[in-house]
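Here is a short briefing to read alongside the structure. Have the view open and follow along, topic by topic.

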Amino acid sequence: SWSDKDTFALLDFIDSHKATAGDGLNFKAPFWNACAASPMLANPEKGGPKTPKSCKEKWKRVRES
């Protein structure tokens with residue numbers, strides 16, 4: 001479960017690290033590990049701590065919308 005605040009934290013993390021992804025914004029596994037470990041997502045407003053997999057899946061859903 002993702003609150004708006006959690007989603008914005010994910011987007012902020014991605015924006016500040018987008019240079020590591022290349023042109024397609026296709027991030028590798030170490031990126032998602034770091035994303036999930038970031039302070040805002042390790043202690044989210046809603047739901048439990050976010051996992052690398054949940055961060056990657058949320059990013060995919062945001063990009064598709």
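Predicted model: local features only at pLDDT ≥ 70, side-chain atom pairs only at ≥ 80, totals over all residues.

**Aromatic rings**

- The structure holds five aromatic pairs.
- Phe27 and Trp59 form an edge-to-face pair, with 6.4 Å from centre to centre and 65° between the planes.
- Phe27 sits in the loop between helix 1 and helix 2 while Trp59 belongs to helix 4, so this pair ties together parts that are 32 residues apart in sequence.
- Phe27 is buried at a relative accessible area of 8%, and Trp59 also counts as buried, at 11%.
- Through ring pairs, Phe13, Phe27, Phe31, Trp32 and Trp59 are linked into a cluster.
- Trp2 has a charge over its ring: the charged end of Lys50 lies 4.8 Å from the ring centre.

**Helix 1 and its two sides**

- Helix 1 covers residues 4-16, which makes 13 residues, and spans 18 Å from its first C-alpha to its last, close to the 18 Å expected at 1.5 Å a residue.
- Its buried residues are Asp6, Thr7, Ala9, Leu10, Phe13 and Ile14.
- Viewed down the axis of helix 1, these buried residues fall within an arc of 160°, so they line one face of the helix.
- As background, an α-helix has 3.6 residues a turn, so residues three or four places apart point the same way.

**Two residues to look up**

- Ser3 lies in the segment before helix 1 and is buried, with a relative accessible area of 7%.
- Leaving aside residues up to four places away in sequence, Ser3 touches Glu45 and Lys46.
- Thr7 has its place in helix 1; with 13% relative accessibility, under the 20% cut-off, Thr7 counts as buried.
- Beyond residues up to four places away in sequence, Thr7 is in touch with Trp2, Lys58 and Val62.

Terms used. Residues numbered from 1 in each chain as written. Heavy atoms only, no water. Helix = DSSP H or I, 4+ residues; strand = E, 2+ residues; numbered from the N terminus. Expected span 1.5 Å × (residues − 1). Buried < 20%, exposed > 50% of the residue type's maximum accessible area, 1.4 Å probe, protein only. Arc of directions from axis to C-beta. Contact = heavy atoms within 4.5 Å. Phe/Tyr/Trp six-rings, centres within 6.5 Å; stacked < 30°, edge-to-face > 60°. Lys NZ or Arg CZ within 6 Å of the ring centre and 35° of its normal.
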